[in-house]
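Please look over the sequence and the model shown here before reading on.

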Amino acid sequence: MLNSLLSVLAPPFCGHCHIFLTKRELLCSSCFENIESVFSTRIGPLKVHAVSGYDYPLSSLINKSYETSLQLGTLLWERSVSLLEADYLIPVPRHTSEILKKGYSASVVMAQEISRLSGIPVSECIQRVKPALKKGLYTKVEHHRYTQDAFRVVPDISEIEGKRVVLIDEVCSSGSTLVEVAKQVGLGRPRSIEAVVACRMLG
Ligand SMILES: [Zn+2]
């Protein structure tokens, strides 16, 4: 919480090259122009829209601070979510232990910011019941197996029935997390499920 307070009070600098900005923004205009354009891929039946690959400058802003999460939310709205038809935003949930450690959930902060800008409501109908595995220590297969029962739906998910829902997260790597969340969301019988992330790791 202190961290997020400090970042809100701190003067605005470009998140990548650190030049001073006259207005609070994620990146200065020249770094902003270096972001690749939005692209979409499919992971099984799930369509995943990414603002960028896992490349500079955006990759350096992932999991950085409360404020960068807010700004990534703005970027996701401007570059991707505004082009989709969405009735509900669903943040890919973090485990309670991670939220307590950081003081916030990056995906929830992003989704709430998109909601503030767009008026599209946020549904927190999915919970993470197992903490995320440490990165780099496990194979894709182990990660996939572990993730299979990492999420569950809340008892009442009737709000998303027949709705177009969009999953929100910072990063998609193998995609197994998004696929598992989409499976759980599917239990609520939405009309469609798509996902929007800031960075997509390919290969
Ligand atoms: Zn810059």
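**Helix packing, sheet and buried residues**

Helices H6 and H7 cross in the right-handed sense, where a crossing is left-handed if the near helix is turned anticlockwise from the far one by less than a right angle, and right-handed if clockwise. The model is a predicted one, in which local features need pLDDT of at least 70 and side-chain atom pairs count only at pLDDT 80 or more, while totals for chains, interfaces and linings use all residues. Residues are numbered from 1 along each chain as its sequence is written. Helices (H or I, at least four residues) and strands (E, at least two) are DSSP runs, numbered from the N terminus.

**Helix pairs**

- The axes of helix H6 (residues 140-147) and H7 come within 9 Å and cross at roughly 20°; axes are lines fitted to C-alpha atoms, for helices over the stretch in contact, and angles run from 0 to 180 degrees between N-to-C directions.
- H6 and H7 are therefore roughly parallel to each other, given that angles under 35 degrees count as roughly parallel, over 145 as roughly antiparallel, 65 to 115 as roughly perpendicular and the rest as oblique.
- His143, His144 and Thr147 of H6 meet Ser176, Thr177 and Glu180 of H7 in this contact, two residues being in contact if their C-beta atoms, placed from the backbone, lie within 7 Å.
- By class, the contact of H6 with H7 has no nonpolar, 5 polar and 1 charged residues; Ala, Val, Leu, Ile, Met, Phe, Trp, Tyr, Cys and Pro count as nonpolar, Asp, Glu, Lys and Arg as charged, and the others, Gly among them, as polar.
- For helix H3 (residues 66-79) and helix H5 (residues 106-118), the axes come within 8 Å and cross at roughly 50°, and H3 and H5 are therefore oblique to each other.
- The crossing of H3 and H5 is right-handed, and the residues that make the contact include Leu70, Leu76 and Trp77 of H3 together with Val109, Met110 and Ile114 of H5.
- The contact of H3 with H5 is divided among 10 nonpolar, 4 polar and 1 charged residues.

**The sheet**

- An open sheet of 5 strands runs in the order E1-E2-E7-E6-E3, with mixed pairing; two strands pair if DSSP finds at least two bridges between them.
- Strand E1 (39-43) and strand E3 (88-91) are the edge strands, each pairing on one side only.
- From one strand to the next, the twist averages 30°.
- Helix H7 (residues 176-186) packs on the sheet, where H7 touches E1, strand E2 (46-53), E3, E6 and E7, and the direction of H7 makes about 160° with that of E6.
- E1 and E2 are antiparallel and pair over 5 bridges, with Thr41 standing opposite Val48 in E2.
- The hairpin of E1 and E2 has 2 residues between the strands, and Gly44 there takes a positive phi near 60°.
- Strand E6 (residues 164-172) and strand E7 (residues 192-200) run parallel and are joined by 8 bridges, and Val171 has Cys199 in E7 as its bridge partner.
- E3 and E6 also run parallel, joined by 4 bridges, and the bridge partner of Tyr88 in E6 is Val165.
- E6 is mostly covered, with 7 of its 9 residues buried; a residue is buried if 20 or more other C-beta atoms lie within 10 Å of its own, exposed if 12 or fewer, and partly exposed in between, with C-beta atoms placed from the backbone.

- Val196 lies in strand E7 and counts as buried because 28 C-beta neighbours are inside 10 Å.
- Leaving aside neighbours within four places in sequence, Val196 is in contact with His49, Leu76, Ser80, Val81, Val166 and Ile168.
- Ala182, found in helix H7, counts as buried because it has 25 C-beta neighbours inside 10 Å.
- Beyond its neighbours within four places in sequence, Ala182 is in contact with Leu46, Leu167 and Ile193; Ala182 and Leu167 are 15 residues apart in sequence and 7.9 Å apart in space, C-alpha to C-alpha.
- Arg128 is found in strand E4 (residues 126-128) and, with 23 C-beta neighbours inside 10 Å, counts as buried.
- Apart from its neighbours within four places in sequence, Arg128 is in contact with Pro93, Arg94, His95, Ala150 and Phe151.
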